[in-house]
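Here is a short report for a first look at this structure. Keep the sequence and the 3D view open as you read.

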Amino acid sequence: MIFIRQRWPAALFVFSAGAFARAPIPASFSEPACEQFDYINPLIGNGGDTPNGSGGMIPSTAPPFGMTRWVAQTHENYVSKTPYNYTANSIHGFQATHQPAIWMGESANLAVIPGSGKNPVVDFAKRGMVFVNQDEEVLSPSYYSAELALPEGGKVFAEQSATSRVGHLRFTFSKDTSPYIIIEASRPSVITSTPTNITYPNGTIEVDPARKEICGTNSEIQDFIIAPVSIREAVSNFKGYFCARFDVDFIDFGIIQNGTTHYGETKFPQSPLLSAYAHFNSGAVVNVRVGVSFISIEQARNNLDREIPDGQSLEETAKSTRTAWVEKMKRVKVEGGSDADKEVFYTAVFHSFQYPYEQDEYGRYFSAYDGQVHVGTSYTGYSIWDTYRAEWAWQILMVPERVPDMITSMLQDYKEGGWLPMWKNIFETNIMVGTHADSLVAEAVVKGITGFDRDLAWEAVYKDATVPPLNDHNTVYDDREENVDFEVRAGLSSVYADQGWVADDIHSESASRTLDYAYDDYCVAMLAKALGKDSETVDFFLNRSLTAPLKIFNTHTGFMEARNANGEWAGEDNGWTEGDKWAYSFDIIHDVDALIKARGGPSKFVQSLDDHFNGGHNDHTNEPSHHIPYLYALAGAASKGQEIIRAIAASDYNNTARGLSGNEDCGQMSAWYIFSAMGWYPVNPVSKEYVIGSPLFDKITLDLPSGKPLIITSYGASSTKPYVQSVKVNGEKLAEPIIHHDHFATGGRIEFVMQEEPAAWNNDLVVRSEDIQSTEQMVLEIVVPSS
């Protein structure tokens, strides 16, 4: 029996006392007015004891889905380290970053570094600028500022904003300085997560005093070592291009290569450790706008002219970016709850509209799959193993105007590289398992998204499900394995297609692959059905999706377990991806009824859920656990799930820098919270069904892109009433704890009636158990992360 240490009639959340008092955004950067925007706390998810215990988020400036995020730099970033951490007391420059997640590598890094003195300093440790007063650091999605003490004396007031492809910085130097600004084109680059594993990518740079420009290239792409072998040559052609334009004449200038300064030089051969600088008059106020491109220097210059033309003030740039965010943020409004609650919610919305990010540049894009520049639209930063679960459903609901191009981008990857992406970071990285792009495409189609080539989409998805990777019978495909080709459905031909499981003695993460492939097969079947394919095709994939999961269910132990090629059990600890037997034994998300039956029926299934949570096995920091508390409702114990959902919302989310218990993973952690706050969650995204949980606010209004609002009321939910008594959808009472996408996708009203005690609604098992006494005794240890 599960025990919870406290019931949830009182507080909705418990927040750490270490929440930051953030400096207010100056009035000149606060237009247009928007309460939702002002609740965003960009520090949420920046902290953590370890890379796995951090949200991996940074307080960057960029518009929604912006190509380049600009951030004050406290660290040199690489796989497992972000460029900004709130614990640092100094800033070492202002970085253009394309690192989409903490466990992914940087690409085309660029840094803008203010300083003072005759001899500009590039060395990272020596160029650090200590905060004059860190409490006055201003952080927002559209504007950043801080006053910094320069190492050689004097101060600089640094301000930053950005558009999608252009950074805008303004440096106001004190009168006791000899100001300079460095543009760092290439730096030492850490490969993998080992900080001593350093390479030295090449860069180029050229100074044009007449145009007041410093332009160049950067070939850094930290994840290149895990590029599929068939596209490695194309990946090697990738470069970042930049063009920095100043609004003040250069007094003098030069180039620095590997610590040696070449005074007055305007050009230098391709080299590692390459920077250029310009000096300015004492007390200068310098604007520098930096266009970034993956195509060419000329395209970087075009991006600059188009997005932040000459004469545009920093205030105008910040207003443009703030306006873009306000348009998105005003689509959502919550009522009830505390200011801290709203910080968590609106910051989650902010996180959910960052990835994938734009890669095309006004109708053209560079493809690292074939090394060519193409006409079309493109996105990158696809953490699909994570985001297919809920983030994609949220984006389909709230930013459907983006979805056709996001799918078209994946289809272009297919045409240029041969496969749909798994984890695209400029190119495919083979990280994680399963071909969950199948889920993204299928969910979009069944939910009515158009504007992309459906025939090509079917071709690509069908290939995922039927064509194995190269050397499938003898390639392990370990996590981040080097010198292999596209991983896709590793094990498809070795055992899965014939026997229904991925063999643990051939492939890594075999049990997780088996369950993921089964779900992907379900997605293929649903896509085939939606596209009018023949029944034989639909039935083939549907049958495989329903039979494969139970092939690895060990009836003797009651848990999922990996199997070897000969059918023998491989051991209960083998074959898992960011989880274990506990999490994955609840992972037949497309056939929960069969899962309940396999685990002994509703009563025993609920007991297994109790054992999972009471035993401390739930790990919300990783995505395989995200749907599990919602299974209570599907087994007739809704009130237990409602309590657990609220416990997770309290323990794994707060309004401090450590306000995400695990990696954000391109929006999935936040998407769980957003849907849970609304009162439901997409356990099986492609089914179009959402399972009811326990809403967290009194009222949420979504101004849907259709032009009609979706109004969700659950009065008392944010204070004393955590339990659902009944639910009405557009005036009709729900009998089951399931709400359908079509019920609300174009607007409507959802009314939760909440109460202080566990209710009878979809709670038969609990009601029959001593009049709900089982929930009276619940004790779940709730650990709130400290700041």
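Cys243 is buried, at a relative accessible area of 0%. Buried means under 20% relative accessible area, exposed over 50%, and partly exposed in between, with a 1.4 Å probe and protein chains only. Cys243 forms a disulfide with Cys215, the sulfur atoms being 2.4 Å apart. A disulfide here is a pair of cysteine sulfur atoms within 2.5 Å. By this rule there is one disulfide. It joins distant parts of the chain: Cys215 sits in strand E14 (residues 213-218) and Cys243 in strand E15 (residues 240-246), 28 residues apart.

This is a predicted model, in which local features need pLDDT of at least 70 and side-chain atom pairs count only at pLDDT 80 or more, while totals for chains, interfaces and linings use all residues. Residues are numbered from 1 along each chain as its sequence is written, and side-chain values use heavy atoms, with hydrogens and water left out.

| Cysteine | Relative accessible area |
|---|---|
| Cys215 | 8% |
| Cys243 | 0% |
| Cys34 | 4% |
| Cys666 | 3% |

Cys666 is in no disulfide. The nearest cysteine sulfur, that of Cys523, is 19 Å away.

**Strands**

Helices (H or I, at least four residues) and strands (E, at least two) are DSSP runs, numbered from the N terminus. Two strands pair if DSSP finds at least two bridges between them.

Strand E3 (residues 94-97) is covered on both faces. Phe94 and Ala96 are buried on one side, Gln95 and Thr97 on the other. In a regular strand, side chains alternate between the two faces of the sheet. E3 pairs with strand E1 (residues 69-72) in the antiparallel sense, over four bridges. Here Ala96 in E3 stands opposite Trp70. E3 also pairs with strand E4 (residues 110-116), again antiparallel, over three bridges. Gln95 has Ala111 in E4 as its bridge partner.

Further along is an open sheet of three strands, in the order E33-E34-E39, with antiparallel pairing. Strands E33 (680-684) and E39 (738-740) stand at the edges with a single partner strand each, so one side of each has no neighbour in the sheet. Neighbouring strands are turned by 45 degrees against each other on average, direction ignored. E33 and strand E34 (residues 689-692) share three antiparallel bridges. Trp680 has Ile692 in E34 as its bridge partner. Helix H19 (residues 668-678) packs on this sheet and touches E33 and E34. The direction of H19 makes about 125 degrees with that of E33. Axes are lines fitted to C-alpha atoms, for helices over the stretch in contact, and angles run from 0 to 180 degrees between N-to-C directions.

**Helices**

Helix H13 (residues 535-551) has 17 residues. From first C-alpha to last it reaches 24 Å, close to the 24 Å expected at 1.5 Å a residue. The expected span is 1.5 Å times one less than the number of residues. The buried residues of H13 include Phe541, Arg544 and Ala548. The buried residues pack against helices H10 (454-466), H11 (492-499) and H12 (510-530), and strands E29 (553-554) and E30 (559-560).

Gln412 lies in helix H8 (residues 403-417). Gln412 is buried, at 10% relative accessible area. Which residues is Gln412 in contact with, leaving aside its neighbours within four places in sequence? They are Tyr365, Gly376, Thr377 and Ser378. Contact means heavy atoms within 4.5 Å.
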